[in-house]
Amino acid sequence: MITSNIESFRSMRLPRAFLQSRCINSRVEGGGILVEVLVTLLLFTSTSAYLLNSKIRTLVLWETILETQINQTAVNNSSRTAYINDDVDQQWSDIAVFGTPSLLSTPP
């Protein structure tokens with residue numbers, strides 16, 4: 001019974017108009033799929049480019065912030081060093097001229 005169904009299916013011929021319409025429909029469907037794939041690739045590529053551009057800009061911004069921080073720290077350190085160092089050259093022999101310190105008056 002199964003073999004007879006297979007033989008009848010093989011011997012069956014489809015009309016030429018049906019086959020041509022099937023080919024046209026398959027071409028249209030294939031073109032639609034191609035457009036969908038191209039749109040998906042365009043979205044993927046543009047998203048990847050945007051994310052890569054954002055990462056590059058973030059790295060440049062981070063590098064600029066670090067350089068600015070280093071420069072600001074150097075300026076702060078040089079100004080603090082200027083406060084510590086006097087312009088007058090002092091030596092211990094200059095202080096020894098005045099003698100040892102003593103109290104002028106004793107408390108009551």
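Here is a short walk through the model, one selection at a time.

**Whole chain.** Start with everything selected, and keep in mind that you're looking at a predicted model. Switch to cartoon and you'll find 3 helices and 0 strands, laid out as α-α-α from the N terminus on. Now try a surface: the chain exposes about 11,000 Å², with carbon and sulfur atoms supplying 65% of that area. How many of the 108 residues count as buried? The share is 0%.

**Colour by pLDDT.** The average over the chain is 77, and 52% of the residues score at least 70. Select residues 2-11 next: that's helix 1, where confidence is lowest, at a mean of 57. Then jump to helix 2, where the mean is highest, at 85.

**Helix 2.** Select residues 16-84 to get this helix on its own.

**The nonpolar patch.** Pick Ile 33, Leu 34, Val 37, Leu 38 and Leu 41 and show their side chains. These residues make up a nonpolar patch on the surface. Together they have about 470 Å² of accessible area.

**Zoom in on Ile 33.** Buried or exposed, which is Ile 33? It counts as exposed, because its relative accessibility is 52% and the cut-off for exposed is over 50%.

Conventions
Residues are numbered from 1 along each chain as its sequence is written. This is a predicted model: local features need pLDDT of at least 70, side-chain atom pairs count only at pLDDT 80 or more; totals for chains, interfaces and linings use all residues. Side-chain values use heavy atoms; hydrogens and water are left out. Helices (H or I, at least four residues) and strands (E, at least two) are DSSP runs, numbered from the N terminus. Buried means under 20% relative accessible area, exposed over 50%, partly exposed in between (1.4 Å probe, protein chains only). Accessible areas come from the Shrake-Rupley method with a 1.4 Å probe; for residues, only the protein chains shown count as cover. Patches are made of residues with over 30% relative accessible area and no salt bridge: like charges are joined within 9 Å, nonpolar side chains (Val, Leu, Ile, Met, Phe, Trp, Tyr) within 5 Å. A salt bridge is a side-chain nitrogen of Lys or Arg within 4 Å of a carboxyl oxygen of Asp or Glu. pLDDT is the predictor's confidence in each residue, from 0 to 100.
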